[in-house]
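Here's a quick walk through one protein chain, going from the overall picture down to a few individual residues. Have the viewer open as you read.

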Amino acid sequence: MTFCYGHRISLPIRRQNQPWRCSTPPFRPGTVHLPTDDSPYQYTYNWGGAVMKPPPANESYTSVSGLVAVPVPSLPPNATAGVTYKASVWLGLGGTVHNTGLWQAGFYVTAYKPAVGNTIFSYLHWFEWFPEAGRDIPLSSFPLQASDIIALNITARSPISGTAVFENYTNGRQFVIDMTVPNEDKYRLRGRSAEWIVEDFTHNGEMVSLVDWKIVRFWDCKADTNRKKGMQWDGAMRHIIVSEQNKQRMNVTILSKDEVQIEYMPAV
């Protein structure tokens, strides 16, 4: 495909005292601890999708990529007027094995139910180097709508610098971000995990109410290490969001070695 329009920007980290929107680590229900065992299913409050297992000790992940279609969302059952329902869809490097840096990029979908009138849907790209807050890409710079096919590629040039490439296969546009963060332990990438995720993210310090995204499917999913290119998962861990009442909120299916499907489940 030939991309007819693009932006490339280079950014240092932007420190914020009160993040507006950010990811959080995939804590196990009822704890502030990361998953520790090697079972094929990991239950968390906030992440759902596929996570590639750690590479050998002498390797680290340096890039992650995949294709995803922007879902057509709807309000969840018994939605409340005046509430905005949301979910973020992203892929990233780090964050699962170590509670330190996570370099990620994707988009989020929202559905707002007004007291009067039709539901308002919106879609927006974003990127983030956790633990800093995420940054949005304005629609004027990179338009996005439901059913668009998006190719995402995250690369770590070093433990504190990386590039995120967004390519919209539907409208032929591209957006590239180069980012560098401080050389501090909390930002450094460890290269021990690669992820393809739907997240119940944090907004102003609180987890958002989940929108019904129906189905998100990542395909052509690959990751590189410093020694191997184009790795596909083999027995990837599946992260499944559960509610505070331990009700499963999604069904995660590994369809093939490069494809995962994440299906919304209402909290009933």
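## The chain as a whole

Counting secondary structure is quick here: there are 20 strands and zero helices. Keep in mind that this is a predicted model. The chain runs to 268 residues, and buried ones make up 52% of them.

Now take the contacts between residues at least 6 apart in sequence: 70% of them join residues at least 24 apart.

Strand 5 covers residues 61–69. It's largely enclosed by the rest of the structure, because seven of its nine residues are buried.

Which strands does it pair with? One is strand 17 (residues 215–225), in the antiparallel sense and over six bridges. Within that pairing, V64 stands opposite A223. Another is strand 10 (residues 149–158), again antiparallel, this time over seven bridges. There, G66 has L152 as its bridge partner.

## S63, inside strand 5

S63 sits in strand 5. Its relative accessibility is 8%, and the cut-off for buried is under 20%, so S63 counts as buried.

What does S63 touch, once you leave aside its neighbours within four places in sequence? The list is L93, I154, T155, K222, A223 and D224. A223 turns up here as a contact of S63, and A223 is also the residue that V64 stands opposite in strand 17.

## S193, a loop serine

Is S193 buried or exposed? At 1% relative accessibility, S193 counts as buried. You'll find S193 in the loop between strand 12 (173–180) and strand 13 (194–199).

The side chain of S193 also has a polar contact with the side chain of E195, at 2.6 Å.

## P131, another loop residue

P131 belongs to the loop that links strand 8 (120–130) and strand 9 (135–137). With 28% relative accessibility, P131 counts as partly exposed, because that class falls between the 20% and 50% cut-offs.

Which residues does P131 contact beyond its neighbours within four places in sequence? They're K186 and Y187. For P131 and Y187, the C-alpha to C-alpha distance is 6.8 Å, although 56 residues of sequence lie between their positions when you count from one to the other.

Technical notes:
Residues numbered from 1 in each chain as written. Predicted model: local features only at pLDDT ≥ 70, side-chain atom pairs only at ≥ 80, totals over all residues. Heavy atoms only, no water. Helix = DSSP H or I, 4+ residues; strand = E, 2+ residues; numbered from the N terminus. Buried < 20%, exposed > 50% of the residue type's maximum accessible area, 1.4 Å probe, protein only. Polar contact = N/O pair within 3.5 Å; in protein donor to acceptor, adjacent residues only side chain to side chain. Contact = heavy atoms within 4.5 Å. Pairing = 2+ DSSP bridges.
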